[in-house]
Amino acid sequence: MSMHDTGLFVTDLSVSYGRKKVISSLSLGPIAPGEVVALLGPNAAGKSTVLRGIAGLGRSTGRVFLGGNDLTRLSLPERAKRIAYMPQSQPPAIGLPVIEAVMSARSASVGRKTAMEEAFDALERLGIGHLAMQPLSELSGGQRQMIALTQAIVRQPAVLLLDEPTSALDLRHQIHVMDYSVAMARERGTIVVAVLHDIGLALRYADRIAILQNGHLQAFGNPEDIVTQQMLAEVYGIAGRIERCSQGRIQMIVDGPFHATH
Ligand SMILES: Nc1ncnc2c1ncn2[C@@H]1O[C@H](COP(=O)(O)OP(=O)(O)OP(=O)(O)O)[C@@H](O)[C@H]1O
Ligand SMILES: [Mg+2]
C-alpha cells in the first residue's frame, strides 16, 4: 500500500479571495498517520488559508486525499467528521459552562454520558480540569484558546488542523498542548498539522516542517534540514544561527535583522 492510500495528501490546492489568488496549485504530503507537521511562514504567507482549504471552508479548488479517499467529494459535515479545524481566533464567548461547550463539539452519536467522560478526560489531560464548570465568557484569552483546542480534540478526528494553537499560552501550557498533540498522533494515529510562529516549538515537536512563503510551499522536510541559517535569512529576513545545546537538541539563536552583504 502506498503512502497515498493511508495518509493526508493535498494536490493542486488553489484559493482565491475575490479576484486575489492567495494559494496557487499547492501540493503537500503525503503526511502519514501519526505524524505531526508544523506549518511555518511569515505573516500573510497564506498559512490560515491553506488550513481552511484543507478543511473545506471557503472556496477552493484542488484535491484533498485521506486514506486514498478524495475528501473534496464529500459533503462538508462528512468532511468535518474526519478533519477538525481550530481557527486562529475564537468566536465571541457565550455563557455556557466549559464542560457543555466541549461536549457540544463531540458528535451526538456517542451519547451524553460518554461525551461528558471524554470531555473531562481531555480537560484533565490538558491540565485544565478545574475549568470545567466555569462559564466560557469568564475565561482568560489563553484559557479560551485551550478550550478551543479541547473542542477540536474530543471530536477524535483523523486530521487535526491547528491554527496557532499556542499563540496565547504561557510556556507551561504551550508544552502541555504540544505534548498532547504529539501523544494524540502517536496513540490514535491522528495527523496533526499545526501553524506555529515559534520556530523553537516546531523544532522540538514537529516530525516535519513545511515552510509557506507568498502562498507557495517553499520547503517541506525534516526539521534540521528545513530550519537553516539560509532559510531564516530568506524567509524571515533575520540573521540567526542553528546550534546544538549541551543536551544535543537543535536550538535557534536570533542575532538580529538580516542585512545582505554584496
Ligand atoms: N477574508 C479575506 N479576504 C481577503 N483577503 C484575505 C482574507 N483572508 C486572508 N486574506 C489575504 O490572504 C493572504 C493570506 O492570509 P492568511 O490569513 O492565510 O495568512 P497567514 O499566513 O495565516 O498569516 P498570519 O501569520 O498573519 O496569520 C493575506 O495577504 C491576506 O491579506
Ligand atoms: Mg494565520
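Student: What volume does the second largest pocket have?
Tutor: This is a predicted model, and the pocket was found on its protein atoms. Rolling a probe the size of a water molecule over the atoms shows where empty space is left. For the second largest pocket, that space comes to about 230 Å³.

Student: Which helix gives the most to the lining of the second largest pocket?
Tutor: Residues on the lining include Gly200, Leu201, Leu203 and Arg204. Helix H8 (199–205), helix H9 (223–226) and strand E12 (250–257) each give two or more residues. With four residues, the greatest contribution is that of H8.

Student: How many nonpolar residues does the lining of the second largest pocket have?
Tutor: Among the lining residues are Pro223, Glu224, Arg249 and Ile250. By class, the lining has two polar and three charged residues, and the nonpolar ones number five.

Student: Which element gives the largest share of the lining of the largest pocket?
Tutor: The largest pocket holds about 470 Å³ of space. Two or more lining residues come from each of helix H3 (76–82), strand E6 (83–86) and helix H6 (141–154). The largest share is five residues, and it comes from H6.

Student: How many residues in the lining of the largest pocket are nonpolar?
Tutor: The lining has 23 residues, and those nearest the centre of the pocket are Tyr85, Pro87, Pro91, Ala148 and Gln151. Sorted by class, two lining residues are polar and three are charged, while the number of nonpolar ones is 18.

Student: Which element gives the largest share of the shell around ligand 1?
Tutor: The shell around ligand 1 has five nonpolar, six polar and three charged residues. Strand E2 (20–31) and helix H2 (47–55) each supply at least two residues of this shell. The largest share is three residues, from H2.

Student: How far is a polar side-chain atom of Lys47 from an oxygen atom of ligand 1?
Tutor: Lys47 is among the residues that come nearest to ligand 1, together with Ala44, Gly46, Ser48 and Thr49. A polar side-chain atom of Asn43 lies 3.0 Å from an oxygen atom of the ligand, and a backbone N or O atom of Ala44 lies 2.8 Å from one. For the polar side-chain atom of Lys47, the distance is 2.7 Å.

Student: How much of the accessible area of ligand 1 does the protein cover?
Tutor: On its own, ligand 1 has 640 Å² of accessible area. The share of this area that the protein covers is 63%.

Student: What is the phi of Ala44 near?
Tutor: Ala44 lies in the loop between strand E3 (36–40) and H2. Most residues other than glycine have a negative phi. Ala44 has a positive value, near 70°.

Student: Which two residues does a cis peptide bond join?
Tutor: Most peptide bonds are trans. Here there is a cis bond with an omega of about 5°. One of its residues, Pro30, has its place in strand E2. The two residues joined are Gly29 and Pro30.

Definitions and conventions
Residues are numbered from 1 along each chain as its sequence is written. Chains are lettered from A and ligands numbered from 1 in the order in which they are written. This is a predicted model: local features need pLDDT of at least 70, side-chain atom pairs count only at pLDDT 80 or more; totals for chains, interfaces and linings use all residues. Side-chain values use heavy atoms; hydrogens and water are left out. A residue is near a molecule or strand if one of its heavy atoms lies within 4 Å of it. A polar contact is a pair of N or O atoms within 3.5 Å; within protein, one must be able to donate a hydrogen and the other to accept it, and residues adjacent in sequence count only if both atoms are side-chain atoms. Accessible areas come from the Shrake-Rupley method with a 1.4 Å probe; for residues, only the protein chains shown count as cover. Ala, Val, Leu, Ile, Met, Phe, Trp, Tyr, Cys and Pro count as nonpolar, Asp, Glu, Lys and Arg as charged, and the others, Gly among them, as polar. On a 1 Å grid over the protein atoms alone, a cavity is a set of points where a 1.4 Å probe fits but cannot get out, and a pocket is an open set with protein on both sides within 12 Å along at least five of seven lines; lining residues have an atom within 4 Å of a point. Grid points are joined across faces, edges and corners, and a volume is the space filled by probe spheres set on the points.
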